[in-house]
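Hello,

Here is the structure I promised to pass on. Please open it first, then read the notes below.

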Amino acid sequence: MIEFLTKPDAALLVLGHGSTENASSSRSVRSHADQLRERNLFAEVHVAFWKEAPSFSEALTAIDCREIYVVPAFISEGYFTRQVIPRELGITGRTTESQGHLLHYCDPVGSHPSMTDRLLERASQMTPGIDPGDIDLIIIGHGTPRDSNSSAAVRTQVERIQALNLGYAKITDAYLSEAPLINDWQQLTQSPHVVVVPFFIADGLHSEQDIPEILGLDAPIDGRFAPRSVRGQTLHYSQAIGTDSGIADVILEQVLAFDSGS
């Protein structure tokens, strides 16, 4: 837990996607913000969303502090972090004067190196006692034709985990909207156990509904999906990585990274 970071004269603004169709989409971002608010490290902690209220465009009007650290709770440097957020908040660089505020634009949560540890911890929780040599690990992202960089964060995580040589039979990526597709998970794997970890910020429409439907999973019990056996393979599906309580610390790490210029 990071408690040595204190910004008593600055505000923290955490930005998420949100959804008009699934109330769970913003839950994790709001939860992380609540955690950070309780730590009293900033004068103010606020959230804003693309698809929910408060919106990106009105976020700054609710903040009293002149200095604001803006942290996108997004997985990658893609369409939203490079185009939508800067447009809606009037951001033109790493530090910008906008609407009477001094905005420090931090890197998105998903790009922080510590996310690798979060993914590995989540994967290990799904298959306790099972030899990694019997496991194929799939990291799932959204992907989008609008920005080729959108899937880069997932590919980076796969490469980092591969480099650790942890003994997994195979480590690969798959996506909702670009190849390799999640639909083809059986063609991508051959081990008796397949662990699927969604590299998403929230348990929202995609990770709670779209992906489980594609994978043929039964309805969750208390938010968790039971393993599914398919032609000699057991499929284990985790909650989205963004629901990890440690993401609050990753948000703070991105503020520290901004201040250090890294």
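**Cavity and pocket**

The largest cavity is lined by Arg94, Cys106, Asp107, Gln254, Ala257, Phe258 and Ser262. It holds about 30 Å³ of space. One cavity of 30 Å³ or more is counted. On a 1 Å grid over the protein atoms alone, a cavity is a set of points where a 1.4 Å probe fits but cannot get out; a pocket is an open set with protein on both sides within 12 Å along at least five of seven lines; lining residues have an atom within 4 Å of a point. Grid points are joined across faces, edges and corners, and a volume is the space filled by probe spheres set on the points.

The largest pocket has a volume of about 780 Å³. Its lining takes in 34 residues, and His17, Phe80, His142, Phe200 and His206 lie nearest its centre. Helix H2 (79–89) and helix H6 (205–215) are the elements that give two or more residues to this lining. Helices (H or I, at least four residues) and strands (E, at least two) are DSSP runs, numbered from the N terminus.

A word on the source. This is a predicted model, where local features need pLDDT of at least 70 and side-chain atom pairs count only at pLDDT 80 or more, while totals for chains, interfaces and linings use all residues. Residues are numbered from 1 along each chain as its sequence is written, and side-chain values use heavy atoms, with hydrogens and water left out.

**Salt bridges**

The structure holds seven salt bridges (a side-chain nitrogen of Lys or Arg within 4 Å of a carboxyl oxygen of Asp or Glu). One pairs Asp259 with Lys7, with the closest N and O atoms 2.5 Å apart. Asp259 sits in helix H7 (residues 247–260) and Lys7 in strand E1 (residues 7–16), 252 residues apart. Lys7 is buried at 17% relative accessibility, while Asp259 is partly exposed at 39%. Buried means under 20% relative accessible area, exposed over 50%, partly exposed in between (1.4 Å probe, protein chains only).

Another salt bridge joins Asp249 and Arg39 (2.8 Å, N to O). Asp249 is in helix H7 and Arg39 in helix H1, so the pair ties together parts 210 residues apart in sequence. Both Asp249 and Arg39 are buried.

**Glu178**

Which charged residue is buried yet has no salt bridge? It is Glu178; the nearest side chain of opposite charge, Arg155, is 4.3 Å away. Lys and Arg count as positive and Asp and Glu as negative; His and the chain ends are not counted. Glu178 is in the loop between strand E7 (170–175) and helix H5 (185–188). Not counting residues up to four places away in sequence, Glu178 touches His142, Gly143, Thr144, Ser151 and Arg155 (contact means heavy atoms within 4.5 Å).

**Backbone**

Most residues other than glycine have a negative phi, and most peptide bonds are trans. The peptide bond from Ala179 to Pro180 is cis, with omega near -5 degrees. Pro180 lies in the loop between E7 and H5. The bond from Ala53 to Pro54 is also cis, with omega near -5 degrees.

Asn40 has a positive phi, near 60 degrees. Asn40 is exposed, at 64% relative accessibility. Gln99 has a positive phi too, near 55 degrees, and is partly exposed at 49%.

Best wishes
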